[in-house]
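Open the model in your viewer and keep the selection tool at hand. Each stop below says what to pick and what is there.

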Amino acid sequence: MTVNHPEERKFPTRKHTALPKAQILIEALPWLTRHHGKTVVIKFGGNAMIDEDLKAAFAQDVVFLRHAGLKPVVVHGGGPQISAALDKHGIVSEFKAGLRVTTEDAMDVVRMVLAGQVQRELVGLLNQHGPLAVGLTGEDAHTLTATKHQPEIDGELVDIGRVGEITEIDTGAIEALLADGRIPVVSSIARSQDDHHVYNVNADTAAAALAAALGAETLMVLTDVEGLYEDWPHSDEVISRLTASELEKLLPDLSSGMVPKMEGCLHAVRGGVTTARVIDGRVQHSILLEIFTDEGIGTMVVPDEQGES
């Protein structure tokens, strides 16, 4: 009987069907290295809030970021849910300058929906993957402080009720949660600076302000469009990257719904955030695609000096 030495043995090459998965993980390595330990603030809204599959995918993405070594912070509004609840209470939804007119009666509904419905559901989705998410509102630990906001329309200041403009941020509670490995989920409600009222704060604005205050690497704003269009409605070409100064020039011509989002991006990058991105929340796992691949699917805003390099 002939016995072959081990080095002479011939093993058939097995077809490893999982190899493509390994390749995908390796391709993500540079981004994992770049973003490790960095804070990313994600504004959750739009269709992603009302489509069950998109909600589940969003929760998976955020938990993935956490386990990949990032520090995600979620800020949410609740436009569709608030409108539905106001309708049930017989309160007409009205918008001016892209912001919801919020009467005292409407504010009670807004507070109930944001803190008692939307936040609870989102925390529950995240916590299906482990004891990670903790919900809070801007009222908690004085996280967000605001004063009454009056937008200017046609040269005149307009009273839109209990809508707040952020004047101060205390990141202590959020930073403590991040240090403990948790995922803060923040409802965009603020305490008053000068009276006992509570204010409804635009979630895009709140997310941008928190991103700057936390020294976040990235602000991500989920929308119901592909990004910022080059020449809407004449073209559906998306601007993939622009500087703060380039964005500032475009702001006067943007649609009212897009203004708070893009103003938030501008505020964030001018406040020290490395990049601000508007991405299509209708695409499953859009957050992972934007952070961990070269195939950016939205519009990225960068500081002026970064755009010149």
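Predicted model: local features only at pLDDT ≥ 70, side-chain atom pairs only at ≥ 80, totals over all residues.

Is Arg182 buried, exposed or partly exposed? Its relative accessible area is 28%, so Arg182 counts as partly exposed. Asp180 and Arg182 form a salt bridge, and their closest N and O atoms are 3.0 Å apart.

**Helix α6**

Step back to helix α6, residues 172-179. Which residues of α6 are buried? Pick Ile174, Leu177 and Leu178. They lie on the same side of α6, because the arc they cover around the axis is only 100°. Next, show what covers these buried residues: the cover includes strands β1, β2, β5 and β10, and also helix α7.

**The eight-stranded sheet**

Show the strands in the order β5-β10-β2-β1-β13-β15-β16-β14. These eight strands form an open sheet with mixed pairing. Where are the edges of this sheet? Look at β5 (133-137) and β14 (241-243), each of which pairs on one side only. From one strand to the next, the twist averages 20°.

Zoom in on β15 (residues 275-280) and β16 (residues 299-302). They pair in the antiparallel sense, over three bridges.

**Helix α7**

Select helix α7, residues 203-214. Which strands does α7 lie across? They are β1 (39-44), β2 (71-76), β10 (183-187) and β13 (218-223). Against β1, helix α7 runs at about 175°.

Stay on α7 and pick Ala213, which lies in this helix. Ala213 has 39% relative accessibility, so it counts as partly exposed. Show its contacts with Ile169 and Thr171; residues up to four places away in sequence are not counted here. Then put a distance line from the C-alpha of Ala213 to the C-alpha of Gly271. The two residues are 58 apart in sequence, yet 7.9 Å apart in space.

**The four-stranded sheet**

Now display β9, β6, β11 and β12. In the order β9-β6-β11-β12, they form an open sheet, again with mixed pairing. The edge strands are β9 (164-169) and β12 (198-200), and each pairs on one side only. Neighbouring strands here are turned by 50° against each other on average, direction ignored.

Focus on β11 (residues 189-192) beside β12. The two pair in the antiparallel sense over three bridges. Which residue of β12 is the bridge partner of Ala190? Select Tyr199 to see it.

Bring in helix α5, residues 104-126. Helix α5 packs on this sheet and touches β11 and β12. Its direction makes about 75° with that of β12. Helix α7 packs on this sheet too, touching β6 (144-148) and β9. The direction of α7 makes about 15° with that of β9.

Side chains of opposite charge can pair when their charged atoms come close. How many salt bridges are there in this model? The count comes to 14.

Pick Lys148 and Asp159. They form a salt bridge, with the closest N and O atoms 3.0 Å apart. Lys148 sits in strand β6 and Asp159 in the loop between β8 (156-157) and β9, so the pair ties together parts that are 11 residues apart in sequence. Check both surfaces. Lys148 is partly exposed, at 34% relative accessible area. Asp159 is also partly exposed, at 47%.

Move to helix α3, residues 52-67. Select Glu52 and Lys55, a salt bridge whose closest N and O atoms are 3.2 Å apart. They are three residues apart in α3, which means about one helical turn separates them. Lys55 is buried, with a relative accessible area of 6%.

For the last stop, select Lys43, Asp204 and Lys261 together. A network of salt bridges links these three residues.

Terms used
Residues numbered from 1 in each chain as written. Heavy atoms only, no water. Pairing = 2+ DSSP bridges. Axes fitted to C-alpha atoms, helices over the stretch in contact; angles between N-to-C directions. Contact = heavy atoms within 4.5 Å. Buried < 20%, exposed > 50% of the residue type's maximum accessible area, 1.4 Å probe, protein only. Arc of directions from axis to C-beta. Salt bridge = Lys/Arg side-chain N within 4 Å of Asp/Glu carboxyl O.
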